[in-house]
Amino acid sequence: MSRRAVLAVGAGIAGAGVLAACGDSTAASGPANDPVATEVAGAEQALIAQYQAFITTFPQLKVELTPILDQHADHLKALGVTTTSTAAPVAASDPRTAVAVLADAEREAAKARRSSCVAATNPELARLLALIAASEASHAPALTRMLAR
Amino acid sequence: MSITPIEAAISGEDACIYAYGVIGSQVRGAATERARKALADHRAWRDRLQSQAPVIVAASIAYDFPFPVEDAASAKLLAVLVENRMVGQYADLAASTAGTAREDAVTAAMECATRAIAWGGITMAFPQA
């Protein structure tokens with residue numbers, strides 16, 4: 001056996017593969033049937049509403065916030081559950097405060113996804129929630145980087 | 001015999017540790033400290049996983065990178081690659097574990113995705129390489 005390993009790169013599989021894998025298996029015991037999925041879907045909808053509210057109030061943030069907003073929409077789609085959020089978006093006095101509020105929200109969301117992941121009974125849902133937790137943890141420094149500019 | 005998720009994660013951490021040796025040798029200034037910290041963090045996760053694995057996992061002697069790493073820019077790209085790749089491996093580990101082991105796997109995935117951003121990576125809905 002060769003002891004020289006290749007750092008394989010699966011090109012272009014990010015996102016699409018995960019979504020397809022989940023879409024194929026939302027049958028009887030699929031991720032969507034886990035109550036944890038419904039709870040996370042509500043939280044994702046709340047985040048989406050918060051991003052949309054800030055983009056409406058501060059249109060100058062639209063270009064930089066839209067990719068992250070779209071990623072939350074992808075999270076929601078992958079969960080395969082439709083639900084409604086009860087949390088009302090908060091207001092911010094200026095764009096910098098808005099971005100800081102979002103960075104805090106992402107850090108909290110990542111921790112909440114980790115707890116949901118531990119609570120998930122379906123292994124596929126656990127895998128998805130681990131990826132969502134990682135994505136949201138990475139949103140915080142990306143937002144903070146916006147503040148540095 | 002197929003490789004288990006924990007063995008895959010240990011091998012992934014070995015690849016990260018090797019990669020950070022190369023990355024650290026190519027970057028300067030604050031990035032040197034970032035590489036040093038990342039190297040220590042990956043070693044700590046590797047040791048922790050190995051202590052929980054039923055078998056000892058051997059590291060490879062060397063790794064072929066998907067592109068030449070011969071300056072700071074390519075070193076940073078490699079860092080983004082190995083970190084995002086590790087997120088997928090920790091997500092696999094999370095799916096195959098429960099309780100504290102699963103929580104640890106998610107924490108490690110969160111740290112890897114965060115480091116990828118620090119190295120100049122872009123955010124993704126489902127971080128992986």
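**Close-up views of a predicted two-chain model**

View 1. Across residues 9-28 of chain A, pLDDT stays under 50. The model has 28 contacts beyond four places in sequence for this stretch. The model is predicted. Helix H1 (residues 16-23) of chain A has the lowest mean pLDDT among the elements of chain A, at 38.

**View 2. Confidence along chain A.** Chain A has a mean pLDDT of 85. In chain A, 80% of residues reach 70 or more. Among its elements, helix H4 (residues 95-119) of chain A has the highest mean, 98.

**View 3. The contact between chains A and B.** Chain A contributes 33 residues to the contact, and chain B contributes 37 residues. On the side of chain B that touches chain A, the elements that give two or more residues are strand E1 (62-64), helix H3 (72-95) and helix H4 (99-118) of chain B. H4(B) gives the most to this side, with 14 residues. By residue class, the side of chain B that touches chain A holds 26 nonpolar, seven polar and four charged residues.

**View 4. Surroundings of B:Ser96.** B:Ser96 sits in the loop between H3 and H4 of chain B. Is B:Ser96 buried, exposed or partly exposed, and why? B:Ser96 counts as partly exposed because it has 17 C-beta neighbours inside 10 Å; a buried residue would need 20 or more, an exposed one 12 or fewer. Setting aside neighbours within four places in sequence, B:Ser96 is in contact with A:Pro123 and B:Pro5.

**View 5. B:Ser96 and B:Ile6.** These two residues are 90 residues apart in sequence. In space, B:Ser96 and B:Ile6 are 8.7 Å apart, C-alpha to C-alpha.

Definitions and conventions: Residues numbered from 1 in each chain as written. Chains lettered and ligands numbered in written order. Predicted model: local features only at pLDDT ≥ 70, side-chain atom pairs only at ≥ 80, totals over all residues. Contact = placed C-beta atoms within 7 Å. Helix = DSSP H or I, 4+ residues; strand = E, 2+ residues; numbered from the N terminus. Nonpolar A, V, L, I, M, F, W, Y, C, P; charged D, E, K, R; others polar. pLDDT = per-residue confidence, 0-100.
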